Amino acid sequence: MNGSTALPPWLPTAPCTPGRCAAHPETGPGGPDGRAGALLAVARLTAGTGAVLLGVLLTPVAGLLPAAVRLALVRGWVRAVVRAFGVRARYEGTAGAVTGPLLVVANHVSWLDIPLLAAVLPGRMVAKTEVRRWPVLGPLAALGGTLFIDRDRLRALPGTVRAMAAVLAGGGRVVVFPEGSTWCGRAGGRFRPAAFQAALDSGCAVLPVRIDYRPTGAAAYVGDDPLGASLWRVVTARRIVADVRILDPISSMRYPDRRALAAAAQRAVTQPTVARDSANLPSSSVHQRASSRPAAASSSRTPA
């Protein structure tokens, strides 16, 4: 997800920082409505955390249920978690019409991306190993079958790609954020091609998804942003709307290599025109200079 202060040179990074990209007039201690806003924020934080903990406690019981019932429960649960934190989700596209193994790829803005996708496109998530150590969410991710990747060990990448290909070849679904790091949503990074090799090796289709938030800054989880600070920003926002657009699947058979397939998926994700909340742009944001250019151009600071 978000970056770190001491990353190896081969890892993708973004110029997004909490101070420049995640600030928003509707966020902050106490929220927009003083004491009433603070009470609402605490209520949301309590409800959201409680919903997550309930899912953890019920995981052993859910494991005994039939697969179809368990899947329905998980989808309902993640929707409840998102809603409890005060986020309204709107979906476009026909996820239910897409069957068979799929490599689901999406732009990456926030930790909210994960439950938003799990609500309509549940599958084996790919996440950095640090997520395993997160309180509450880490054990839950492990129980959900997350494929963890050690980003500090470049030699571990082929093994992760093989694991992804095995899931896809077995008829499963894998969800990955190929930008490799969170971006603020006003600009995005280049889709890294490694994950797309799994689609080529298994012969499955790629399903691109675009995620947008309004206000953008409140949802963004970027740079060295602590998870607690991001949670507080989310619950103190007056309202966050997440637009999830499920696009047409891309046949991996049409592309000769992973770089071409990754570029095609990125074009699909960046082409949709979604209304921007221009009032959210901080005056000093680096993305004021990048917002008028294609997303690929704005990722020039991301290492190859």
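**Exercise 1. Work out the order of the strands in the open sheet, and find which strands form its edges.**

Step 1: Reading across the open sheet, the seven strands come in the order β1-β7-β6-β2-β5-β3-β4, with mixed pairing. Strands here are DSSP runs of E with at least two residues, helices are runs of H or I with at least four residues, and both are numbered from the N terminus. Two strands pair if DSSP finds at least two bridges between them.

Step 2: Look for strands that pair on one side only: these are the edge strands β1 (87-92) and β4 (147-149).

Before going on, please note that this is a predicted model, in which local features need pLDDT of at least 70, side-chain atom pairs count only at pLDDT 80 or more, and totals for chains, interfaces and linings use all residues. Residues are numbered from 1 along each chain as its sequence is written, and side-chain values use heavy atoms, with hydrogens and water left out.

**Exercise 2. Describe how β2 is joined to β5.**

Step 1: Strands of a sheet pair through backbone hydrogen bonds, either parallel or antiparallel.

Step 2: Strand β2 (residues 102-106) and strand β5 (residues 173-176) run parallel, and four bridges join them.

**Exercise 3. Find the aromatic pairs and say how their rings are arranged.**

Step 1: Apply the rule: rings of Phe, Tyr and Trp (its six-membered ring) pair if their centres lie within 6.5 Å; planes under 30 degrees apart count as stacked, over 60 as edge-to-face and the rest as tilted. The count comes to two aromatic pairs.

Step 2: Phe-85 and Trp-111 are edge-to-face, at 5.5 Å centre to centre with 80° between the planes. This pair links distant parts of the chain, 26 residues apart: Phe-85 sits in the loop between α3 (67-84) and β1, and Trp-111 in the loop between β2 and α4 (113-118).

Step 3: Phe-191 and Phe-196 are stacked, with 6.4 Å centre to centre and 25° between the planes.

Step 4: Now check burial, where buried means under 20% relative accessible area, exposed over 50%, and partly exposed in between (1.4 Å probe, protein chains only). Phe-85 and Trp-111 are both buried, and so are both Phe-191 and Phe-196.

**Exercise 4. Locate the cis peptide bond.**

Step 1: The cis bond joins Arg-214 and Pro-215, with omega about -5°.

Step 2: Place Pro-215 in the chain: this residue lies in the loop between β6 (205-214) and α8 (216-219).
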